[in-house]
Amino acid sequence: MKPIKKAIRTFSDMDKVLFFTSLILIIFGSLNIVTASSREAVVNADANMFYYFFKHIIILVISLVAFLIVLKIPTKDYKKWLPLIYIAVFGMNLFLILKGVATRGANNWIDLGFMKVQPSEFAKPTLILTMSLMFQMYFKRLKDVREKHDIIIWKIIGFGLIFPILVFLQKDLGTAIILFGIFAVLFVFSPISRSEKIKASLISIGILAILLVARLSITGYILSGAQTSRLNNFFDPCSKYEDTGYQVCNAFIAINNGGLTGVGLGKSTQKYSYIPEPHTDMVFAIIAEENGVLVCSLIFMAYLIIIYRILKLSMKTKRLSHRYICIGVATYFFLHILINLGGLFGIIPLTGVPLPFLSYGGSFTLSLIMTFAVIQRIHIEMKNEKIRV
């Protein structure tokens, strides 16, 4: 009975609004993958229409196991395991630059035979935890006006920027932007003084400019041809329908077809060859076409609730590292939504990143659910601290 009581106690200490909102999105996203991927499964994978759905369920089962494991690990133990995780994630991402094989222009996948792994997805939670623990470790020294902080600040910047740089060199611009965005937000909210932030930022921009010029002189380009074309044509994608605007223009058609209430489940026309792999980065277009604006509005509300709950926890928790972890995770979650939907709606260039809880994807789904386990662990520890007081 003790394990059952312990499990009930753990669940009671979790943020249940965050848990159930995320769970509803996961269930809805999984069911939507059936209809969004049906044509892709039959025609391209030569399998039945449930092929990607069953694969996604396997990913979710693995993610659930990982969620339960992470949920059991006290956050004070992160300091012990994080260096090993950082080295492992760094090594995998460096390997892709040196030995990776390009897939759709980016060297960001490791093929293990039975499955593919995208190490850059694991760089996101690793970056969040690394910076959060460093802020906690150096907090008192950074607040001491008598001490020089240059070495500490550049150590933080070095550990924070290495992942965005590695992923940029893998030609995965969308993920590199998200990693840089996480670093930038955490750096802005860091305990480093304002004057030191400005100084370090200006020096970093100068170094970055030199590196970009060096890359241009060596390779002849800064962004790849595919990335440049997307930047040039995102304002009017339908004018380049036969080329770079094909995906976005067909997403516009899908959303327009959906109207207020949608054309009905399974009745999307744009998933039939018009939108490549519609169950991945472009999944929201199929959701909009089949379910309409009303359901899409509910999805937006669910996303806002999740971000609000995470930020609320960041304000309530007493531990400095917990606060930064929450800010980092909220940024991670928000940037994925912004870049995915911004590209889909033609507001920003389409760079290809998954939509949280709705897109099919192994490494991203596993990484995201494990990250949410960390948030729930923080909530559990906060509740237990209050009880002890």
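1. Let's start with what surrounds the second largest pocket of this predicted model. Its lining is made up of 23 nonpolar residues, three polar ones and one charged one. The pocket itself has a volume of about 780 Å³. Of the 27 residues that line the pocket, Leu 161, Pro 164, Ile 165, Phe 180 and Leu 208 are the closest to its centre. If you want to find the place by helix, look to α7 (150-169), α8 (173-188) and α9 (194-219), the elements that each give two or more residues to the lining.

2. Next, have a look at two helices from other parts of the chain. Helix α2 (residues 16-36) packs against helix α12 (residues 283-316), with the axes 10 Å apart and an angle of about 160° between them. Angles over 145 degrees count as roughly antiparallel, so α2 is roughly antiparallel to α12. The crossing that α2 makes as it passes α12 is left-handed. Sorted by class, the residues in the contact of α2 with α12 are 15 nonpolar, five polar and two charged.

3. The axes of α6 and helix α13 (residues 320-344) come within 8 Å, crossing at roughly 150°. That angle makes α6 roughly antiparallel to α13. Here the crossing is right-handed, whereas α2 passes α12 in a left-handed one.

4. Side chains of opposite charge can pair when their charged atoms come close. Which residue does the side chain of Lys 124 meet in a salt bridge? The partner is Glu 121, at 2.7 Å from N to O. Both Lys 124 and Glu 121 belong to helix α6 (residues 119-143), where they sit three residues apart, about one turn of the helix.

5. Finally, a count for the model: there are eight salt bridges, and the pairing of Lys 124 with Glu 121 is a salt bridge you can look up in the structure above.

Note on methods. Residues numbered from 1 in each chain as written. Predicted model: local features only at pLDDT ≥ 70, side-chain atom pairs only at ≥ 80, totals over all residues. Heavy atoms only, no water. 1 Å grid on protein atoms, 1.4 Å probe; cavity = no way out; pocket = protein on both sides within 12 Å on 5 of 7 lines; lining within 4 Å. Points joined across faces, edges and corners; volume = space filled by probe spheres on them. Helix = DSSP H or I, 4+ residues; strand = E, 2+ residues; numbered from the N terminus. Nonpolar A, V, L, I, M, F, W, Y, C, P; charged D, E, K, R; others polar. Axes fitted to C-alpha atoms, helices over the stretch in contact; angles between N-to-C directions. Parallel < 35°, antiparallel > 145°, perpendicular 65-115°, else oblique. Left-handed = near helix turned anticlockwise from the far one by under 90°. Salt bridge = Lys/Arg side-chain N within 4 Å of Asp/Glu carboxyl O.
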